[in-house]
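Subject: Structure handover

Hello,

The structure you asked to look at is below. My notes on it follow.

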Amino acid sequence: MKERKERLKWFAKFFKKGTGEADPQFQVYRDEVHEIAFKRAFELLRISESDVTKEQPIILLAPEQLDKRSKVRYKVVLEDEKTADLLYDQALITMLLFGEDSLFFYQANLDYRYGFVTNDVVSEVSYIDIMSYQTSFEYDDIEDPLFEIVDLDLFLYDGRVVHFNLRFRLFNGTEEELVLNETEKLVLDKFHKIVREKKRAF
């Protein structure tokens, strides 16, 4: 109980201001919650590490309110003069794990303040069931944008659509000539390469 109170006190202080310097303790708290989510993903999918290929999983994070009584709190941490990182105390985590014949999907809500993971959803999709996929870039408001959003959607033959958020970032006021950053390019290149190879194998 004492540890939880200290944790909540730390988060209240850290997110009191919307901008500031990074604190390594946030990464410690966040990594703890991510480790819990990773274990739950394997347990709920009923798979082991041997069921997953050597390809590293794709892990995506986006802010999402879990506690209805408490909105997501944000903090902009300046990494350098041109780059800023948007931190938040509640998130939606999405994991893509690649098997030999199937794509494993895990999603859950995270509350870093309490070290809490809930609303877990898992799914297993055969590569052959993927009809197409779509990447989109948009602003939350076209006239007065606050956030940039990049999404990846998988369209399956049974009519379902599986949605992944690749970016939820503060708009820096400049329209970039290149839409994707290097991390997003790596994620999409990896996803496209693996799915195309697997589908060709069938």
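A cavity here is a set of points, on a 1 Å grid over the protein atoms alone, where a 1.4 Å probe fits but cannot get out; a residue lines the cavity if it has an atom within 4 Å of a point. The model is predicted, so local features need pLDDT of at least 70 and side-chain atom pairs count only at pLDDT 80 or more, while totals for chains, interfaces and linings use all residues. Residues are numbered from 1 along each chain as its sequence is written, and side-chain values use heavy atoms, with hydrogens and water left out.

The cavity

Searching the whole structure gives one cavity of 30 Å³ or more. The lining consists of Leu60, Leu61, Ala62, Leu92, Thr94, Gln107, His163, Phe164 and Asn165. Five of these residues are nonpolar, four are polar and none is charged (Ala, Val, Leu, Ile, Met, Phe, Trp, Tyr, Cys and Pro count as nonpolar, Asp, Glu, Lys and Arg as charged, the others, Gly among them, as polar). At least two lining residues come from each of strands S2 (58–63), S5 (90–98) and S10.

The S8-S9-S10 sheet

Strands (E, at least two residues) and helices (H or I, at least four) are DSSP runs numbered from the N terminus, and two strands pair if DSSP finds at least two bridges between them. S8, S9 and S10 form, in that order, an open antiparallel sheet. S8 (130–139) and S10 (161–170) are at the edges with a single partner strand each, so one side of each has no neighbour in the sheet. Neighbouring strands are turned by 10 degrees against each other on average, direction ignored; axes are lines fitted to C-alpha atoms, for helices over the stretch in contact, and angles run from 0 to 180 degrees between N-to-C directions.

Nine bridges join S8 to S9 (147–156), and Tyr139 is opposite Glu148 in S9. S9 and S10 also pair over nine bridges, with Asp153 opposite His163 in S10. Four residues separate S9 and S10 in a hairpin, where Gly159 in the turn has a positive phi of about 100 degrees. Helix H3 (182–201) lies across S8, S9 and S10, at about 165 degrees to S8; contact means heavy atoms within 4.5 Å.

The S1-S3-S4 sheet

This open sheet of three strands has mixed pairing. S1 (19–20) and S3 (74–78) pair in parallel over two bridges, and Gly20 is opposite Val77 in S3.

Regards

Conventions:
On a 1 Å grid over the protein atoms alone, a cavity is a set of points where a 1.4 Å probe fits but cannot get out, and a pocket is an open set with protein on both sides within 12 Å along at least five of seven lines; lining residues have an atom within 4 Å of a point. Grid points are joined across faces, edges and corners, and a volume is the space filled by probe spheres set on the points.
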